[in-house]
Amino acid sequence: MRKSLIIILTSTFVLLACVIIYFLYLQPVKKNNPLIAVPADASIIFQLENPFEQWQELSDNDIWNYLKKDPYFAELGQEMDELTEDMRANEALYELIINRPMVMSIHKTRPDDYDFLYVIDLQRATQFNFIKNYIKNFSEDIEKVYTRNYKEQEIIEISFKDDPTRYYLYIYENLLSLSSTHTILEQSIDQIKEPIIARDLDFIDLSSELGTNDINMYINYRQLANYLKIWMADDPEASTDFFPMLKYSGMALEATDQRFSVSGYSIVNKEQPNLLTALMNAGTGEINVGTIVPDNASYFMSLGFDNSKDFYENMIAVLQAEEDGEEYMKSKEKIEGYLKISIEDDFLSWMDDEIALIQLNSNSNRNKVELAVAIKHNDLDDTKERLAYIEQQIRKKTPVKFKGIDYKGQQIHFLSIKGFFKMMFGKAFEGIDKPYYTIMEDYVVFSNSPRTLGKIIMAVQENRTLDNTKEYAVFMENFAYESNLFVYLSANELLSDAQRLLDRESRQELKVHSPYFKSFPMMGMQLSAEGDLLKHQLQANYLNHAEISSWNALIKEIQQDEVAFVGAEAMEEEDLIAAEQILPEDLNSKTFIEYYGNEQIKFEVDLKDGLKHGRYFEYDSLGNVIVKGRYRDDEKSGTWKFYDGEGELVKKERY
């Protein structure tokens, strides 16, 4: 009898074990992709393979722990910390549900509000069907659990103690959908039957190319502009002009203690020509403009292509497709006919494989941005000849008489064709109008201001360009040598420009966030065509508190050394003449005036054809005259007199 009982118990145990093994490991499980439950109005979608583990990595990340001290992120940081503590207190629950593949999407719910949808792949957890039956036992904070039907599907409504928000939950085979907005959950139920995003061929191509990463992020541009209006009520169209060019973007996110990077692909909207299609169809070019960009530049944008004529033909198609496309062709024909020049033969023929838009950090007190355009040439002699011909034609047809000046051995010329760069390359280049230009290294550099050209000339001659800095060289190792588009940003220089250009209220608001922005001193974004997809990469390197302090101390030490050196050489005669290095904003101006920081005049000099010609006066910061003299054809002439702060003559020099 006892032996029979043992046999029965053993058999029962084995049978039970087999049943458990079958349900847990052998029974077929539905493999629905969580993306099928995401409604089509999602603007941003996050796909996480192991949310519980990734959340812990994120919450312990050095970059995030620093950024959450910023007032902008403080509230979000506090909420994340509270959720982290809640996870640790309910680890069994979170490992059961959140430690599984998840999709999170963002949806606009009202004109000024949004909410999230979470879709979790429960995998084999649904085999026991215990979630519906025992959900109230998961937490003591759950107050009530209701059920209701929507289109014959059961929705579970959950309310928590001391929380006015109600949460809605729906289980479909292996998928659990959750939101605090019932309409989003209902749209999710509708979507499961007839998915839109998950069956979009473009989205499928994109997700296949992106592959499986710890964290993938997708952007749906058809919905993103509408979502961003929540924060852009004053100017809903601002910064969204780029969106119609794209359908979807897919990105893999990576955040370490040293850097934040995003890499992935985008689907470009090819139904209408745009800047991206023009670049993609014209091939790639090298990123070499760092050889002439000053090391204190705020940013530069480099466009690369195989052939300038192909790029221009693609740009023509883009410009013609715009509202003023017909006007563009008329302007082009009018300029060519009036000046008797050919854009293709006289301008495009010497262009190589790169055009760059550069913004310098300006020390000017004027509310003005210093811009330059650098175009790489393929033949120096031919480039000079073609541009000289255009200048000659301009002088024949216009009253412009300026022939150019020599600055530090570089010739600065004038190309007075209004709206030329906007006509050639679109709105991004409309800031360059009737420019001056000089030829340096492998580039022709254009700018509205000869002073801007002078700064670039000085930077190249003194080896103060980006290519001469170790930091830039190391940063660029993370990017491909060739691309369609590359953007470089310097946090310190952009903040310096912002302090000069913004109003007082905006400056005060920005000041609070400046230390956190400076924590990412260099940022870069690169776009390159890869088949029908646009490959992109964004990276920001992180500099922590200790490194920032050391960096600032080093800069201060260098600056002190420079001041000491200048002081030792201050008695040199040439250093007393502040006007020696001047270049006016406009070489057709009759006078040039430089100011101190307190708006007191530093010096003033008469000009003729861009050269110093006439009276010169120099003042100290209190307004006292310290130098009087005259220039003739850019050279000091006659007797120059030097005074002390009391107005006493200290010496004379004859030239």
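Y619 stands opposite V625 of strand β26, at a point where β25 (residues 611-619) and β26 (residues 625-632) pair in the antiparallel sense over six bridges. Here two strands count as paired if DSSP finds at least two bridges between them, and the strands themselves (E, at least two residues), like the helices (H or I, at least four residues), are DSSP runs numbered from the N terminus. The model is a predicted one, in which local features need a pLDDT of at least 70, side-chain atom pairs count only at pLDDT 80 or more, and totals for chains, interfaces and linings use all residues. Residues are numbered from 1 along each chain as its sequence is written, and side-chain values use heavy atoms, with hydrogens and water left out.

Both strands belong to an open sheet of six, ordered β23-β24-β25-β26-β27-β28, with antiparallel pairing. Because β23 (591-595) and β28 (649-654) stand at the edges with a single partner strand each, one side of each is left without a neighbour in the sheet. From one strand to the next the twist averages 10 degrees, where axes are lines fitted to C-alpha atoms (for helices over the stretch in contact) and angles run from 0 to 180 degrees between N-to-C directions.

A further set of pairings involves strand β10 (residues 259-268), which is largely enclosed by the rest of the structure because seven of its ten residues are buried; buried means under 20% relative accessible area, exposed over 50%, and partly exposed in between, with a 1.4 Å probe and protein chains only. The pairings described in this report are listed below.

| Strand pair | Sense | Bridges | Residues opposite each other |
|---|---|---|---|
| β25 and β26 | antiparallel | six bridges | Y619 and V625 |
| β10 and β22 (residues 533-541) | antiparallel | nine bridges | S261 and Q539 |

The largest nonpolar core has 61 residues, of which F311, F347, I375 and F446 touch the most other members; such a core is a set of buried Ala, Val, Leu, Ile, Met, Phe, Trp, Tyr and Cys residues joined through side-chain atoms within 4.5 Å. Helix α11 (residues 308-321) supplies the largest share of this core, six residues. Another core, of 32 residues, lies apart from it and includes F300, A374, L466 and M476.

As to confidence, the protein chain averages a pLDDT (the predictor's confidence in each residue, from 0 to 100) of 77, and 73% of the residues score at least 70. Over residues 8-27 the pLDDT is below 50, and this stretch has twelve contacts (heavy atoms within 4.5 Å) beyond near neighbours in sequence.
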